[in-house]
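Trainee: I would like to go through a model with you and ask about the words used for it. Could you help me see what stands behind each term?

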Amino acid sequence: MRTQQKAQPEVMVVDHDEAMRIFLSAFIAECGCQPVAFDDAEAAVERYASERPATVILGSVAFNGSDGLGLLAALKKIDREVPIIVVSNQGRTTTIVQAMKLGASDFISQPFDKSDLQAPLINALKQHELTREVASLRQQLQSENGQSSLIFGDGGRMSEVRELINRVADTDVTVLVRGESGTGKELVSRALYAASRRRDRPFVKVNCAALPTELLESELFGFERGAFTGAVQRKPGRFEFANHGTMFLDEISEMSPPLQAKLLQVLQDGEFSRLGGKNDVRVDVRIIAATNRDLERFVADGHFREDLFFRLNVMSIFVPPLRERRDEIPILADHFGKKYSVQYNKPRAEISRETMALFMDYDWPGNVRELENLIKRTVILGSELPIRKEIVQAIAKRRTAHGSSSAPTNGHAVDGTIDPISQPKVAADVPGENGNCSLKDIARTAARQAEREIIERMLQRTRWNRKQAADNLGISYKALLYKIKENGLDKAS
């Protein structure tokens with residue numbers, strides 16, 4: 001079976017001069033592209049409208065006088081993103097300014113050789129590829145399912161989640177989605193909805209923690225006119241809007257006991273009454289609930305109804321925290337970088353190896369949402385330094401709080417081997433008399449030790465390139481030199 005080769009990008013050449021067309025076509029072929037040459041502007045415009053080559057080169061004769069400007073404008077009218085390189089023997093400033101105003105990506109004056117044209121052509125092809133990628137991303141961002149599949153990643157833990165979604169999506173069973181804050185529970189819920197038989201019906205989300213009990217009840221179940229002061233007309237509740245569709249109840253653990261009883265009635269009988277209402281309202285709604293709490297403990301403590309828990313927990317899907325699926329961090333970081341570069345019209349954020357190493361060491365208490373916010377900030381600011389500094393400080397603070405140099409990885413490196421610098425060794429270094437010391441002394445010592453170990457590890461990663469290490473840690477070069485001396489690391493180098 002023959003392997004399909006990647007198609008060569010087409011580059012259009014327009015010039016009345018046959019010798020110039022032959023020269024440019026040969027150069028384009030040498031660059032690994034497919035040349036398409038025209039000596040007629042009208043034919044070139046017609047071909048471009050139907051085939052859309054990656055780049056256009058307007059030769060010197062084609063661009064002489066107003067004809068060249070007219071051709072440039074005509075091509076830009078078809079596609080304002082098309083990169084156009086102009087080659088002209090007219091080096092007048094006014095001509096160059098006009099060409100650039102019309103959207104030319106580069107202007108080359110004669111005489112020139114191949115080396116003068118090589119960089120502009122490479123840049124034009126990169127610009128075309130980036131434009132295509134942005135268009136593809138915009139289309140992808142409009143597709144909720146496409147986005148969800150990226151957020152779920154390719155790791156083994158999330159493959160179990162996808163398998164459960166596929167198994168229960170087309171049923172009407174109630175699903176309880178569980179997991180820490182920021183792990184993507186709403187995305188799981190929307191994926192269940194998108195793959196269900198109710199996908200053409202409404203999807204209604206209600207955050208049970210966002211409203212006080214009285215407002216939440218009226219939001220969910222609606223009210224009749226005169227039910228309370230200000231109820232001047234009847235208002236349907238969210239359950240009525242979700243009829244024949246799906247209701248997503250986020251943070252279900254925060255619902256008050258009276259509302260829990262009313263929700264139980266909906267789950268059992270498909271009925272409820274509006275506030276101030278005398279008649280029951282029947283609805284057909286599939287319920288998906290989500291929580292980041294230990295509902296079994298809430299039940300044991302009397303904060304959550306046991307019968308409601310059993311009704312909600314017909315099928316349970318647990319979304320693992322990001323620290324348990326670290327292999328997905330590079331995929332997610334790349335996805336968010338693309339997403340927000342498109343959304344904010346900023347250059348694409350390329351995460352360096354040093355920053356990715358910090359990502360892999362970090363414990364991610366905010367999970368995927370925290371990673372998304374950090375990448376968003378990187379795209380907006382155009383720099384990794386602020387988030388590097390933030391992560392380094394967070395790692396040091398967490399290790400100090402745990403009295404250990406590596407709370408996130410539980411004494412193990414990312415690759416599973418024992419990390420010698422991750423073991424607790426604070427007690428032996430704590431100052432004090434007769435074995436006694438204050439908590440402040442312990443915290444101060446732990447913080448110094450955590451800082452020393454982070455700096456040492458970064459220096460090892462950069463092979464003691466102090467300038468690079470300072471950049472990675474988000475501190476000045478002088479500050480790093482001071483800390484190296486303060487922590488006795490200058491003797492280790």
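Mentor: Happy to! Let us start with H8, which supplies the largest share of the lining of the largest pocket, four residues. Helices here (H or I, at least four residues) and strands (E, at least two) are DSSP runs, numbered from the N terminus. Please keep in mind that this is a predicted model, where local features need pLDDT of at least 70, side-chain atom pairs count only at pLDDT 80 or more, and totals for chains, interfaces and linings use all residues. Residues are numbered from 1 along each chain as its sequence is written, and side-chain values use heavy atoms, with hydrogens and water left out.

Trainee: What makes a space a pocket or a cavity?

Mentor: Both are found on a 1 Å grid over the protein atoms alone: a cavity is a set of points where a 1.4 Å probe fits but cannot get out, whereas a pocket is an open set with protein on both sides within 12 Å along at least five of seven lines. Lining residues have an atom within 4 Å of a point.

Trainee: Which residues line the largest pocket, and which elements give two or more of them?

Mentor: There are 21 lining residues, with Gly-182, Gly-184, Lys-185, Glu-186 and Arg-369 nearest the centre. Two or more come from each of helix H6 (144-152), helix H8 (185-194), helix H14 (329-343) and helix H16 (367-381).

Trainee: How is that lining divided by class?

Mentor: It has four nonpolar, seven polar and 10 charged residues. Ala, Val, Leu, Ile, Met, Phe, Trp, Tyr, Cys and Pro count as nonpolar, Asp, Glu, Lys and Arg as charged, and the others, Gly among them, as polar.

Trainee: What makes a set of residues a nonpolar core?

Mentor: Its members are buried Ala, Val, Leu, Ile, Met, Phe, Trp, Tyr and Cys residues joined through side-chain atoms within 4.5 Å. The largest core has 34 residues, and Ile-329, Phe-359, Trp-364 and Leu-371 have the most contacts inside it. Apart from it lies another core of 31 residues, among them Val-204, Phe-272, Val-281 and Val-283.

Trainee: Why is Asn-345 called exposed?

Mentor: Exposed means over 50% relative accessible area, buried under 20%, and partly exposed in between (1.4 Å probe, protein chains only). Asn-345 has 68%, so Asn-345 is exposed. This residue lies in the loop between H14 and H15, and its phi is near 55°, a positive value in a residue other than glycine.

Trainee: What about Arg-463, buried or exposed?

Mentor: Its relative accessible area is 77%, so Arg-463 is exposed as well. Arg-463 sits in the loop between H18 and H19, with phi near 55°.
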